[in-house]
Amino acid sequence: MRIKILETQSGRRYIVSEKNELTQYRYNFSKGGLQRPQFSGNWRLVGFAKVLPFGHIGPDIPPEEVLGQDMKFKNGRGAYVVLDYDYGTHRIWGDRAVAFYETEVRFQ
């Protein structure tokens, strides 16, 4: 199955569905594979925004436009913040995105 993975600067990973729903990436070490994701339907990836000088952020960018692109500055820090919608609240993550890509996985 093809899924999209969002990685943050702190090392956390999230799975993004075809409808841009989010859930945590959970690996089952006892079974040796990725757990099948459980999407609530209430937590969605809205997009990304480029980090600009002096603490500013740029305009919203849809997730499809940054899929597979380099999301880091030269120093390795994340160049984009994540914009999400969770139970009625729009949020901007403090933990910057460093990768957003599509991959093929098998669930346990």
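# Worked exercises on a predicted model

The side chains of E104 and R2 form a salt bridge, with 3.6 Å from N to O. The model is a predicted one.

## Exercise 1: The E104–R2 pair

Find which strands hold E104 and R2, and how far apart in sequence the pair lies.

Solution. 
- Step 1. Apply the cut-off: a side-chain nitrogen of Lys or Arg within 4 Å of a carboxyl oxygen of Asp or Glu. The pair E104 and R2 is at 3.6 Å.
- Step 2. E104 is partly exposed, at 49% relative accessible area. R2 is partly exposed too, at 46%.

## Exercise 2: Other salt bridges

State whether E7 and D86 are buried or exposed, and identify their salt-bridge partners.

Solution. 
- Step 1. Take E7. Its side chain meets that of R13 in a salt bridge of 3.3 Å, N to O.
- Step 2. Compare with the cut-off: buried means under 20% relative accessible area. E7 has 18%, so it is buried. R13 has 37%, so it is partly exposed.
- Step 3. Take D86. Its side chain forms a salt bridge with R91, again 3.3 Å from N to O.
- Step 4. D86 is buried at 18%. R91 is partly exposed at 34%.
- Step 5. Look for shared partners. Salt bridges join R2, E102 and E104 into one network. The total count is five salt bridges.

## Exercise 3: Strand β8 and its partners

Determine which strands pair with β8, and in which sense.

Solution. 
- Step 1. Start with β6 (residues 43–51). Seven bridges join β6 to β8, and the two run antiparallel. K50 has Y80 of β8 as its bridge partner.
- Step 2. Move to β9 (residues 89–92). Four bridges pair β9 with β8, also antiparallel. L83 has I92 of β9 as its bridge partner.
- Step 3. Inspect the connection. β8 and β9 make a hairpin with two residues between them. Y87 sits in the turn and has a positive phi of about 50°.
- Step 4. Six of the seven residues of β8 (residues 80–86) are buried, so the strand is largely enclosed by the rest of the structure.

## Exercise 4: The nonpolar cores

Name the residues that touch the most other members of the largest nonpolar core.

Solution. 
- Step 1. The core has 16 residues; L6, L22, F48 and F100 touch the most other members.
- Step 2. Assign elements. β2, β6, β8 and β10 (97–104) each give two or more residues to this core. β6 supplies the largest share, three residues.
- Step 3. Separate the other core. It lies apart and has six residues, including I3, I5, L34 and F107.
- Step 4. List contacts of L22 beyond four places in sequence. Among them are L6, Y14, F39, W43, D84 and W93.

## Exercise 5: The whole chain

Solution. 
- Step 1. Count elements: one helix and 10 strands. Their order from the N terminus is β-β-β-β-β-β-β-α-β-β-β.
- Step 2. Buried residues make up 42% of the 108 residues.

Technical notes:
Residues numbered from 1 in each chain as written. Predicted model: local features only at pLDDT ≥ 70, side-chain atom pairs only at ≥ 80, totals over all residues. Heavy atoms only, no water. Buried < 20%, exposed > 50% of the residue type's maximum accessible area, 1.4 Å probe, protein only. Pairing = 2+ DSSP bridges. Core = buried A, V, L, I, M, F, W, Y, C linked by side-chain atoms within 4.5 Å. Contact = heavy atoms within 4.5 Å.
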